[in-house]
Amino acid sequence: MSVRMVPRFTLAQRIEHFVLIISFNVLALTGLPQKYFQAAWAERIIQVLGGIEQVRFIHRTFAVILIAEAVFHVGAVIVARRRGRERGEMNVSFQDVRDVVGDIAYLVGLRPTKPAFARFDYRQKLEYWAVVWGTAVMATSGLIMWFPEALARVLPGVLVPAARVAHGGEALLAVLAVIIWHFYNAHFRPDVFPLDPAMWTGAIPLERLRHDHRAEYLRLLEAGLIVDEDAAGVGGPEDTLPEPPSRA
């Protein structure tokens with residue numbers, strides 16, 4: 001039986017995600033050995049990559065790529081909002097707080113069904129904004145360390161060591177967040193193991209949309225953007241179309 005798929009990510013968004021994967025991993029591979037340069041494993045990685053100057057060159061090259069991608073992403077969001085293609089679906093609202101409470105109640109058995117999540121649930125929003133925040137901190141602190149003399153001409157020089165502390169701490173936090181948080185959601189969660197392919201294929205099975213993002217499923221169904229032959233089973237209080245996400 002063929003699986004009915006619903007578009008979820010555009011080609012540009014998938015390319016952005018791929019660039020983010022590559023740049024993040026290369027930055028971690030070349031950045032952490034610089035932070036822990038006294039450790040034997042760090043020294044070994046630096047030697048394998050051709051020495052500290054080569055490591056710094058690779059790190060800065062991919063930092064520029066990540067910053068360029070971030071600028072592109074902001075521009076793409078602005079253009080999409082002006083053209084009405086983006087509806088502020090990553091905006092955090094009080095509904096997300098209600099979803100957290102409802103999800104906890106569901107997981108501990110206090111309610112029979114999970115909340116009707118919109119296109120992106122609270123976990124995906126937290127991860128998205130963590131990437132936005134982390135990229136801003138890493139880019140700002142990285143540029144300060146890259147051009148300390150330029151900064152010292154206009155701002156207090158104490159910002160240079162402060163940037164070094166922030167850069168290293170945020171890098172470690174980002175790596176741990178990816179290993180613990182993102183890997184679980186995208187790979188090890190029972191209903192997606194071993195891989196959530198949505199970001200690679202750009203689509204999500206209709207059945208999973210109905211189960212994991214029920215508010216979005218009902219919105220698309222009501223708008224006539226999808227047709228579900230099994231929709232006859234949809235009904236009752238849990239299927240009431242909730243308030244749409246706040247518009248951008």
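Let's start with the rings: this structure holds 8 aromatic pairs. Take Phe183 and Phe188, whose ring centres sit 6.4 Å apart with planes at 70 degrees, so this pair is edge-to-face. Keep in mind that you're looking at a predicted model. Both partners are partly exposed: Phe183 has a relative accessible area of 33%, and Phe188 comes in at 49%. Elsewhere, Arg123 lies over the face of Tyr122, 5.6 Å from the centre of the ring.

Stay with Phe193 for a moment. A cis peptide bond connects Phe193 to Pro194, with omega at about 5 degrees. Pro194 itself belongs to the loop between α7 (159-188) and α8 (198-201).

Now follow α7 itself. At His182 this helix bends by about 40 degrees. A number of its residues are buried, including Val160, His167, Glu170, Val175 and Asn185. And what covers the buried residues of α7? Among the elements doing so are α1 (11-35), α3 (52-82), α5 (122-146) and α6 (148-154).

Next come the charged side chains, where the count reaches 13 salt bridges. Arg4 makes one with Asp228, their closest N and O atoms being 3.4 Å apart. That pair ties together distant parts of the chain, with Arg4 in the segment before β1 (5-7) and Asp228 in the segment after α10 (214-222), 224 residues apart. Arg4 is partly exposed at 32%, whereas Asp228 counts as buried, at 7% relative accessibility.

Asp228 also meets Arg210 in a salt bridge, at 2.7 Å from N to O. Here the partners are 18 residues apart, with Arg210 in helix α9 (residues 206-212). Arg210 is buried as well, with a relative accessible area of 12%.

Glu216 is buried at 7%, while Arg219 is partly exposed at 21%. There's a network as well: salt bridges with shared partners join Lys114, Arg189, Asp191, Asp196, Arg208 and Asp212.

Finally, how far can you trust the picture? The protein averages a pLDDT of 90, and 92% of the residues score at least 70. Over residues 235-248, though, pLDDT stays under 50.

Methods
Residues are numbered from 1 along each chain as its sequence is written. This is a predicted model: local features need pLDDT of at least 70, side-chain atom pairs count only at pLDDT 80 or more; totals for chains, interfaces and linings use all residues. Side-chain values use heavy atoms; hydrogens and water are left out. Rings of Phe, Tyr and Trp (its six-membered ring) pair if their centres lie within 6.5 Å; planes under 30 degrees apart count as stacked, over 60 as edge-to-face and the rest as tilted. Buried means under 20% relative accessible area, exposed over 50%, partly exposed in between (1.4 Å probe, protein chains only). A charge sits over a ring if NZ of Lys or CZ of Arg is within 6 Å of the ring centre and within 35 degrees of the ring normal. Helices (H or I, at least four residues) and strands (E, at least two) are DSSP runs, numbered from the N terminus. The bend at a residue is the angle between axes fitted to the seven residues ending there and the seven starting there. Contact means heavy atoms within 4.5 Å. pLDDT is the predictor's confidence in each residue, from 0 to 100. A salt bridge is a side-chain nitrogen of Lys or Arg within 4 Å of a carboxyl oxygen of Asp or Glu.
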